Amino acid sequence: MTRAPVLTRDGSWTGDWPLVRDPAFVVNENEAVLLPLALYLTQSPSATHGVWLSPTDDPAALVPHLDALPLIAIDFPVFNDGRGYSTAAVLRSRYRYRGDLRAIGDVLIDQLFFLRRVGFTSFLLRADQDHLKAVAKLRTFSDAYQGAADDPLPAFRRHARPNARELAEQDE
Amino acid sequence: MYRYDEVDRTLVAERVAEYRDQTARFLSGQLSEDEFKPLRLRNGLYVQRHAPMLRIAIPYGVLSAKQLRTLAHIARRYDRGYGHFTTRQNIQFNWIRLEDSPDILEELIAVEMHAIQTSGNVVRNITSDEFAGVAADELIDPRAFCEILRQWSSFHPEFTWLPRKFKIAINGAREDRAAVAFHDIGLHLMRAPNGALGFRVLVGGGMGRTPIIGAVIREFLPWRQYLTYIESILRVYNRHGRRDNLNKARIKILVRSLGIEEFARQVEEDFAPLADGPSTVTSAELHRVASYFAPPPYKKLDEHALDISDRAFARWVERSVKPHRVCGYRSVVLSLKPTGIAPGDATAEQMDLVADWAERYGFGEIRVSHEQNLILPDVRLDHLRTLWQEAKTAGLATPNVGLLTDIIACPGGDFCSLANAKSIPIAESIQRRFDDLDYLHDLGEININISGCMNSCGHHHVGHIGILGVDKDGDEWYQVSLGGADGSSAGTGRVAIGRIIGPSFKAEQMPDVIERLIDTFVSLREDGERFVDTVARVGPTPFKERVYREGSHAHERLEQAVA
């Protein structure tokens, strides 16, 4: 299997993990692959394997294994299916998953900033995406109004924002 | 009103840069039509029948004179000299070139405006009471809560690909002028018996194909927790809302299929561990944002009786002049509904004039109502007459606010590519039929709302008389409903979805249909009651009988001609 380049949240590149879609796949204990949730739960739970979630998979099933998991991937079958964003947010914020969280599937460069904010740490882009542009797209915005997994503090807790009088004084 | 600081300016500018890059990639073929579409929509750009349309947000309906002049400038420079104010406190320009759209957004930055999330499957413009801060019946000013929510929802990373669009409205007055019950989330500001400030939260209301009145999910939500609670509602919706069928993807369908109790349970389960998390709004933040909505420097004025010996002036005062919380001041509604003009349309010249009046007779502020009219919120009593004369000259003093001819209508089949039928000519034909001002005033408040398709941008479900354009074998027909009410005092606070009276009509029958409905009302009306009250009291039957008895032959002939 070829290893496509995976973008990381800090803009570097790494290799991907082979993805298993076949539910009848025979798990080899020493082979690092990404398993579908059902297969992972029944056959694996070991630190060698990662797991990938479909939009309908409930991340709650992974709670007992989160400390051991080196990689969780979330699949975007189509780019405009936003469920994976909430799956990521729940894994990070509610279940405190700290390992690598990867977006796979129909992952487009215009989504990188938002994926990064909800807690994804690596991105397997769709094959036709512009790698040069991708790195810059991680930083489309230099600030944010609301808290998210990357920084739970909203702007009003991070900045000393002016009130009406202070702003008027700044303008003068 | 709210002013941008460094954070706002940076984010809005970076958004325009992002959109400019996306547009350039689309025009050079690097981005496909399908992939560009949702990106342009979330920046307000639709592709319509004749040309792209740009929808610009007027957050919770508040505009400055400077902003309105910029809209006039955009109308002149990039459009055909006019704009269309919508039912969700936005403005649309119908003749935009896609190539120009990034430049228009760039021009908006200078006056602290944007088109962010005015379309697409995201949280849309937060709407509110057009009289916020000045209404005599206001309990709590909603504007700071609207602004905090506007910021929170802008580019929220988790909710940029929702199953469908998401609309939130906030009301802080006794009268609900924001149609809160018809929003995905509706918030009523309130005080608990112990004086604590918070919200009564409704969820799953909406119009569209399946009109539903929002259900109460929380009787009382402390204000500090509202961002977190809304986040939990959106998360449950984002994870579990239907994505297989566009027509069943709104949150109301999820709430209805789960039932409000189960939906609420899932929201509370998500919310409980986050309740006091970092999204909790601080007092400092509320005060900071509220400082931008501090009352302007009102003069100490006395109330005095207006000289209304001039009948035309008296009529205008009766319809257009609204009570104000400050002595000696009034709010003035400028009607964008003269006969022959598409409801909600204003020319660049009119926008400039309204901006001038806002500065001359007020504190430089204008409001936009969901009835598609403009409002000057702080006019002194002794300026009313001069303002009236100037507004009359400008075609902005039609004394029909709240009356039958103050019709709400979407752009319809003349512009919109989603429409099944035209709306604007129907509005005009009704306005022409009811051209006797005395009669209109005698009839009292009647809301006629017209939508060109099921998406209900013209809010037909809550019209006292609702008109919906439908397509039958390629022909335009109109379905009529009765007894809708949006929660405002025009319907005496009632919230109701109109009921369809029967088979639909051809465009040319519509003035007759409305006339028969009105004749029925006049014959059954008791003690000067309102149209909706008569409908509620006697039921739809006498109206139906009158419309279909008299119209039956013509109706059948038309049905046969089509069949």
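Start by selecting helix H8(B), where the buried residues are Phe263(B), Ala264(B), Val267(B), Asp270(B) and Phe271(B). Buried here means that 20 or more other C-beta atoms lie within 10 Å of the residue's own; exposed means 12 or fewer, partly exposed is in between, and C-beta atoms are placed from the backbone. Look down the axis of H8(B): the buried residues fall within an arc of 125 degrees, so they line one face of the helix. The arc is taken from the directions that run from the helix axis to the C-beta atoms.

This is a predicted model, in which local features need pLDDT of at least 70, side-chain atom pairs count only at pLDDT 80 or more, and totals for chains, interfaces and linings use all residues. Residues are numbered from 1 along each chain as its sequence is written, and chains are lettered from A and ligands numbered from 1 in the order in which they are written. Helices (H or I, at least four residues) and strands (E, at least two) are DSSP runs numbered from the N terminus.

Turn to the other side of H8(B), where Glu261(B), Glu262(B) and Glu269(B) are exposed. Next, show what covers the buried residues of H8(B), which includes strand E10 (215-222), helix H6 (226-240) and helix H7 (251-258) of chain B. The end C-alpha atoms of H8(B), residues 260-271, are 16 Å apart, which agrees with the 16 Å that twelve residues should span at 1.5 Å a residue. The expected span is 1.5 Å times one less than the number of residues.

**Two helix pairs in chain B**

Select H3(B), residues 65-78, and H11(B), residues 348-361; their axes come within 8 Å and cross at roughly 170 degrees. Axes are lines fitted to C-alpha atoms, for helices over the stretch in contact, and angles run from 0 to 180 degrees between N-to-C directions. The crossing angle makes H3(B) roughly antiparallel to H11(B). Angles over 145 degrees count as roughly antiparallel, under 35 as roughly parallel, 65 to 115 as roughly perpendicular and the rest as oblique.

On the H3(B) side, show Ala65(B), Leu68(B), Arg69(B), Leu71(B), Ala72(B), Ala75(B) and Arg76(B). They meet Ala348(B), Met351(B), Asp352(B), Val354(B), Ala355(B), Ala358(B) and Glu359(B) in H11(B). Two residues are in contact if their C-beta atoms, placed from the backbone, lie within 7 Å. This contact has ten nonpolar, no polar and four charged residues. Ala, Val, Leu, Ile, Met, Phe, Trp, Tyr, Cys and Pro count as nonpolar, Asp, Glu, Lys and Arg as charged, and the others, Gly among them, as polar.

Now select H1(B) with H4(B), residues 101-110: the two pack at an angle of about 175 degrees, with their axes 9 Å apart. H1(B) and H4(B) are therefore roughly antiparallel to each other. Val12(B), Ala13(B), Val16(B), Tyr19(B), Arg20(B) and Thr23(B) in H1(B) meet Ser101(B), Pro102(B), Leu105(B), Glu106(B) and Ile109(B) in H4(B). By class, the residues are seven nonpolar, two polar and two charged.

Move to H10(B), residues 311-320, where Trp316(B), Arg319(B) and Ser320(B) are buried. Seen down the axis of H10(B), these residues fall within an arc of 80 degrees, so they line one face of the helix. Their cover includes strand E11 (321-322), strand E12 (329-334) and helix H12 (384-393) of chain B.

In the loop between E11 and E12 of chain B, pick Cys327(B). Is Cys327(B) buried or exposed? Cys327(B) counts as exposed, because it has 12 C-beta neighbours inside 10 Å. Leaving out residues up to four places away in sequence, Cys327(B) touches Leu301(B), Asp302(B) and Glu303(B).

**Where chain B touches chain A**

Show both chains: 34 residues of chain B are in contact with 35 residues of chain A. On the chain B side, the elements that give two or more residues are H1 (6-27), H2 (33-41), H5 (143-153), H6 and H9 (283-290). H1(B) gives the most, with six residues. The chain B side divides into 13 nonpolar, ten polar and eleven charged residues.

Zoom in on H9(B), in which Glu285(B), Arg288(B) and Val289(B) are buried. They fall within an arc of 90 degrees seen down the axis of H9(B), so they line one face of the helix. The buried residues of H9(B) pack against helix H5 (155-158) of chain A together with H5 of chain B. On the other side of H9(B), Ser283(B) and His287(B) are exposed.

Finish on chain A, which has six helices and seven strands. Of its 172 residues, 40% count as buried.
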